[in-house]
Amino acid sequence: MVSQALPLTTDFGLNHNLGGIKGLWDKGKVAIVQGVGYPNPTFSALRIDPDLGDRDPTRRQVDGWLGRTLAKAYDSNGHPLTGCACGATDVPGALRDLQATMTVIQNQKTFGFTGGSEVETAVGALYKGTPGIYGALFDTAIATANETIATLRTSSTSYQPMADYSDKGQARLLLEEPAGAALQLAAELIVTAPG
């Protein structure tokens, strides 16, 4: 109902259940972008995420716009956490790019070698001493995986939230939800990232 809307301006308001966002709006900590869309929309709820994520509703490009941006501007060292899909099981369309290094992390607590350190040791023993480019590629892959796992563990233990929440119980419940956990991981990686 319009009468229950929380007014932002004389013309716009928020759903009455979004009091927390309204409070942030009042403090100048939230911005709202109006009129976001693209030409010739399909009006399909099933198509909107891929269309906006790829920024190419015509499907002429395979790569996503964020993936292309990372490959061109930020991925020169190939660090595995430069582009990271937090809380996902696959690379989202917007992050796809064959030239960019992407990491997909559904849960940072379980991220690592399937089977644990025993599998890592066994695979290392299998490829140890492999000559030439294949040995070098394997060594690089293992070193990158280990660096990523170490970074995730460090960021998780050294992260301190920059905000103080008045309702800590509600904040804890939100972090138990998949979207909340993904946002927590993103915050940890951003705040604790080196340089």
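Me: In which helix does Lys-22 lie, and how is a helix assigned here?
Reply: Helices (H or I, at least four residues) and strands (E, at least two) are DSSP runs, numbered from the N terminus. Lys-22 lies in helix H1, which covers residues 19–26. The coordinates come from a predicted model, in which local features need pLDDT of at least 70 and side-chain atom pairs count only at pLDDT 80 or more, whereas totals for chains, interfaces and linings use all residues. Residues are numbered from 1 along each chain as its sequence is written, and side-chain values use heavy atoms, with hydrogens and water left out.

Me: Is Lys-22 buried or exposed?
Reply: A residue is called buried under 20% relative accessible area, exposed over 50% and partly exposed in between, using a 1.4 Å probe and protein chains only. Lys-22 is buried, because its relative accessible area is 16%.

Me: Which residues is Lys-22 in contact with, once its neighbours within four places in sequence are left aside?
Reply: A contact means heavy atoms within 4.5 Å. On that reading, Lys-22 is in contact with Leu-6, Pro-7, Leu-8 and Leu-14, its neighbours within four places in sequence being left aside.

Me: How many salt bridges does a search of the whole structure find?
Reply: Side chains of opposite charge can pair when their charged atoms come close. The term salt bridge is used for a side-chain nitrogen of Lys or Arg within 4 Å of a carboxyl oxygen of Asp or Glu. The search of the whole structure finds one, and Lys-22 forms a salt bridge with Asp-26, with 2.8 Å between the closest N and O atoms. The two side chains also make a polar contact at 2.8 Å, a polar contact being a pair of N or O atoms within 3.5 Å; within protein, one atom must be able to donate a hydrogen and the other to accept it, and residues adjacent in sequence count only if both atoms are side-chain atoms. Lys-22 and Asp-26 are four residues apart in helix H1, so about one helical turn separates them. Asp-26 counts as exposed, because its relative accessibility is 51%.

Me: How many disulfides are counted, and how do Cys-84 and Cys-86 stand?
Reply: A disulfide is a covalent bond between the sulfur atoms of two cysteines. It is assigned to a pair of cysteine sulfur atoms within 2.5 Å, and by this rule the count comes to zero. Cys-84 is in no disulfide, its nearest cysteine sulfur being that of Cys-86, 3.8 Å away. Likewise, Cys-86 is in no disulfide, and the nearest cysteine sulfur, that of Cys-84, is 3.8 Å away. Cys-86 counts as partly exposed, because its relative accessibility is 22%.

Me: Which strand holds Met-102, and which residues is Met-102 in contact with?
Reply: Met-102 is found in strand E4. Apart from neighbours within four places in sequence, Met-102 is in contact with Gly-67, Leu-70, Pro-80, Gly-83, Val-91 and Leu-95.

Me: Where is the place of Gln-106?
Reply: Gln-106 sits in the loop between strand E4 (102–105) and helix H4 (117–127). Gln-106 is exposed, because its relative accessible area is 57%. Its C-alpha atom is separated by 5.7 Å from that of Thr-89, 17 residues apart along the chain, and Gln-106 touches Gly-87, Ala-88 and Thr-89 when residues up to four places away in sequence are not counted.

Me: Is Ser-155 buried or exposed?
Reply: Ser-155 lies in helix H5 and counts as buried, because its relative accessibility is 1%. A polar atom of its side chain lies 3.0 Å from the backbone oxygen of Leu-152. Beyond its neighbours within four places in sequence, Ser-155 is in contact with Glu-188, Leu-189 and Thr-192.

Me: Finally, what pattern does the chain follow along the sequence?
Reply: The chain has seven helices and four strands, in the pattern β-β-α-α-α-β-β-α-α-α-α. Of its 195 residues, 22% count as buried. Among contacts in the chain with a separation of 6 or more, 47% come from residues 24 or more positions apart.
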